[in-house]
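Please look over the fold below before reading on. The questions take it piece by piece.

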Amino acid sequence: MRRSGAWMTIWDDRIMEFLSENGAASVGDITESVKVSNATVSRRCRKLADYALLRPIGNGVYDITERGEKYLNGE
C-alpha cells in the first residue's frame, strides 16, 4: 500500500504511474495523459524531483527514479 507524503497531491501518483509505464516524457506528454493543466504538471514534476521521486533530464523532460518506482510499489 502506498503511503503518500502530506505534501503530495492525487496528480503525483498519476504522473509517476505514467512515467513508470511509458518511460521518460515531456511535461506536455504527461499533461495529455493525466488531463490536468500544463502548469500543474510542471509544478508537480519539479516538486517530485525535489523529493528524488523524478529525475529532470532537461528541456521539461522527466523520468521516474528508483525511489519513485519503490514508492509506486508500496515499498
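What follows is a set of questions and answers on the core, the sheet, the helix packing and a few single residues.

This is a predicted model: local features need pLDDT of at least 70, side-chain atom pairs count only at pLDDT 80 or more, and totals for chains, interfaces and linings use all residues. Residues are numbered from 1 along each chain as its sequence is written, and side-chain values use heavy atoms, with hydrogens and water left out.

Q: What is the order of the strands in the open sheet?
A: Two strands pair if DSSP finds at least two bridges between them. Strand 1 and strand 3 are antiparallel, over two bridges, and four bridges join strand 2 to strand 3, again antiparallel. Strand 1 (25-26) and strand 2 (54-58) are the edge strands, each pairing on one side only. The order of the three strands is 1-3-2.

Q: What angle does the direction of helix 1 make with that of strand 3?
A: In strand 3, Val-61 is the bridge partner of Ser-26. Helix 1 packs on the sheet and touches strand 1, strand 2 and strand 3. Axes are lines fitted to C-alpha atoms, for helices over the stretch in contact, and angles run from 0 to 180 degrees between N-to-C directions. The angle between helix 1 and strand 3 is about 85°.

Q: How do the residues of the contact of helix 2 with helix 3 divide into nonpolar, polar and charged, and at what angle do the helices pack?
A: Helix 2 gives Val-27, Gly-28, Ile-30, Thr-31 and Val-34 to the contact, and helix 3 gives Asn-38, Val-41, Ser-42 and Cys-45. They divide into five nonpolar, four polar and no charged; Ala, Val, Leu, Ile, Met, Phe, Trp, Tyr, Cys and Pro count as nonpolar, Asp, Glu, Lys and Arg as charged, and the others, Gly among them, as polar. The axes lie 9 Å apart, and the angle is about 115°.

Q: With which residues is Val-41 in contact, leaving aside its neighbours within four places in sequence?
A: Contact means heavy atoms within 4.5 Å. Val-41 is among the residues with the most contacts inside the core. Its partners are Ile-15, Val-27, Ile-30, Thr-31, Val-34 and Val-36.

Q: Is Asp-12 buried or exposed?
A: Asp-12 sits in helix 1. Leaving aside neighbours within four places in sequence, Asp-12 is in contact with Trp-7, Arg-44 and Leu-48. Buried means under 20% relative accessible area, exposed over 50%, partly exposed in between (1.4 Å probe, protein chains only). With a relative accessible area of 0%, Asp-12 is buried.

Q: How far apart in space are Val-61 and Val-27, C-alpha to C-alpha?
A: Val-61 lies in strand 3 and is partly exposed, at 23% relative accessible area. Beyond neighbours within four places in sequence, Val-61 is in contact with Ala-24, Ala-25, Ser-26, Arg-55 and Pro-56. Val-61 and Val-27 are 34 residues apart in sequence, and their distance in space is 6.2 Å.

Q: What separates Gly-74 and Arg-3 in space, C-alpha to C-alpha?
A: Gly-74 lies in the segment after helix 4, and Arg-3 in the segment before helix 1. Gly-74 is partly exposed at 33% relative accessible area, while Arg-3 is exposed at 75%. They are 71 residues apart in sequence, and the separation in space is 7.1 Å.

Definitions and conventions:
Core = buried A, V, L, I, M, F, W, Y, C linked by side-chain atoms within 4.5 Å.
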